[in-house]
Amino acid sequence: MSIKGRVWKYGDDVNTDVIFPGKYTYTVTNPEEMAKHALEDLDPEFAKEVEKGDIIVAGRNFGCGSSREQAATCLKYAGVGAIVAKSFARIFFRNAINQGLPLVQCKKAVKNISSDELISVDFEKGRLSCKKGIFNFPPLPESVLGILNDGGLIPHTRKILGIEKGG
Amino acid sequence: MGKTFAEKILALKSGKESVSSGEIVTVSPDVVMSHDNTAAISKKFKQIGIDKVMHPERIVIPLDHCVPAATEKYALNHKEIREFVQKQGIRNFYDINTGVCHQVLPEKGHILPGALVLGADSHTTTYGAFGAFAAGIGRSEVASIWATGKIWLRVPETIKINIEGEIPKGVHPKDIILYIIGNLGADGALYKAVEFSGKVIRNMSVGGRMTLCNMAAEMGAKIGYVEPDEKTIQYLASRTGREYKIVKSDADAEFERIIDYDVSDLEPQIACPHTVDNVKSVSEVVGIKINQALIGTCTNGRIEDLKIASDILQGKKISKGVRLLVFPASMEVFAEAMEEGILQELVKSGAVIMNPGCGPCLGAHEGALAPGEVCLSTANRNFKGRMGCKDAEIYLASPATVAASSLYGKITDVRRCLK
């Protein structure tokens, strides 16, 4: 799988409250609605202007804070194709994979990418290309990649349990 | 070479002889916790396409995030949860008159040393205070565990934090953990197990250890852990008759890092807006005007926290410009505080006593802030927008500092209130 997209660049410690405010956790429950609030308290322009396949590039500890899965869901439904960061908070990491949203951890690449540029990511080869060059990153562990390739944890669990679609 | 607590317990729970940090294992959790998010999880469970949860006896569900329901939407959410637990035969359900999940689970005897506890809440790390391996997970993961009884985990490396010295007057476990988070950073323990040890921990109450493990999440930790001792055993004896086996790190275990702190000269600490690791000594921030003061949450809403606050407020009135909200962490704490006259003192000094719940901590319910307002809170997060308003500021401190500050209407060094 490989994708190409325009970059939205942010800093360190982008937390789940600025990605998806806590006040919406039980009032905004539809994924398309969630998408309208994506990154609301960090960058109010994001949800309005994000396009399908855009890529978020951020610093350390992306997604720190709450376990709320909506932080990953809202970005996924906003059209984000992947997130590249120096590091990810652990629950966000799991939530994103479980929503079928691919993540790339690559410190070097982050330093060399600027906002608005077009970058491409090849997940199988573990390769990211941007204006300043090509950067390699270790691919995700096989078991984790399996969840991602199945489109997230719920479809993956259905597959494990041998439940056919629509069952 | 010996093994860490994390390695030993994950070997045990994955049915392997031995595992090492970095390895990915499939485990069967003993306890799976979810709260008001249970309705959303039940919808994901439905998408999986099976009718019944695999182990209803392992599931614990307290309602706490918005209790009682603030609007029709929240009320419907609660209703769906009540119907779900009924249908699934989930007996460990605690309705709105019980308390905050991380206080309720230990109180009701669901947390045992050597248990693997996973919860759809980032502060699930709290239960490490009892020697459990307890980590936060997401909603889809809880649904998947309900269906399969299993989940993958990466075996974390362990950072050991030794805390020595004598805690000075006016300094509390909250100050210690804030100091550590400020020192190590919001990602200082990312993906790691954090084992708290040393003389200060041995002397610390179970409640104080819960505060430390609770906030381990704020430096990115997967779990917090305190080796069980007499205090743990004593607490558990009053909560459960179930048997348990204590799991601890071997003396020659391989820790990724060992960090030593001496708290003898520590001042009260404050986490400043808008990150938990933006920590300063109180002397650097005294005088900042506050509009709201909050004592409660899963971090600091226990009986000892309320007692500390009422001792400081006793016979005094809070400053006119301040709203002091007190949320006992559970109904049990509420009742005990009532019997001990703590609530009476707090009310007399001008506090508003709320029912147990998480509400204001995540901006879901009660005590929301207006633009330009400042709140000093005993909670664990001060992110922008956290208490419902992105143009408000949240400072975090110990219950003692919050109580003292509510007297003066500004951030105050609690040591000036001590005789």
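Tutor: In chain A, seven strands make an open sheet with mixed pairing, in the order 4-3-2-1-5-6-7. Strands pair here if DSSP finds at least two bridges between them, and both helices (H or I, at least four residues) and strands (E, at least two) are DSSP runs numbered from the N terminus. This is a predicted model: local features need pLDDT of at least 70 and side-chain atom pairs count only at pLDDT 80 or more, while totals for chains, interfaces and linings use all residues. Residues are numbered from 1 along each chain as its sequence is written, with chains lettered from A and ligands numbered from 1 in the order in which they are written.

Student: Which are the edge strands of that chain A sheet?

Tutor: Strand 4 (103–105) and strand 7 (133–136) of chain A, each pairing on one side only. Neighbouring strands are turned by 25° against each other on average, direction ignored. Axes are lines fitted to C-alpha atoms, for helices over the stretch in contact, and angles run from 0 to 180 degrees between N-to-C directions.

Student: How many bridges join strand 2 and strand 3 of chain A?

Tutor: Four, between residues 55–58 and residues 82–85, and the two strands run parallel. A:Ile55 has A:Ala82 of strand 3 as its bridge partner.

Student: OK, over to chain B. What order does the open sheet of four strands have?

Tutor: The order is 10-9-8-11, with parallel pairing. Strand 10 (223–226) and strand 11 (257–262) of chain B are at the edges with a single partner strand each, so one side of each has no neighbour in the sheet. The twist averages 20° from one strand to the next.

Student: And what does helix 1 of chain B touch?

Tutor: Helix 1 (residues 5–14) packs on the sheet and touches strand 8 (158–164), strand 9 and strand 10 of chain B. Its direction makes about 125° with that of strand 9 of chain B. Helix 8 (residues 206–216) of chain B lies across strand 9 and strand 10, at about 155° to strand 10. Contact means that the C-beta atoms of two residues, placed from the backbone, lie within 7 Å.

Student: By that contact rule, how many residues of chain A are in contact with chain B?

Tutor: 37 residues of chain A, against 44 residues of chain B. Helix 1 (16–19), helix 5 (90–98) and helix 8 (153–160) of chain A each supply at least two residues of the chain A side.

Student: Switching topic: is helix 6 of chain B mostly buried or exposed?

Tutor: Mostly covered, with eleven of its twelve residues buried; among them are B:Pro173, B:Tyr179 and B:Leu184. Buried means 20 or more other C-beta atoms within 10 Å of a residue's own, exposed 12 or fewer, and partly exposed in between, with C-beta atoms placed from the backbone. Just after helix 6 of chain B, B:Gly185 takes a positive phi of about 95°.

Student: Where is A:Asp116, and what is its phi?

Tutor: A:Asp116 is in the loop between helix 6 (107–112) and strand 5 (118–122) of chain A. Its phi is near 75°, positive in a residue other than glycine. A:Asp116 is exposed, with 9 other C-beta atoms within 10 Å.

Student: What about B:Glu366: buried or exposed?

Tutor: B:Glu366 counts as buried, with 20 C-beta neighbours inside 10 Å. Phi of B:Glu366 is near 65°.

Student: Last one: which residues does the cis bond at B:Pro68 join?

Tutor: B:Val67 and B:Pro68, with omega about -20°.
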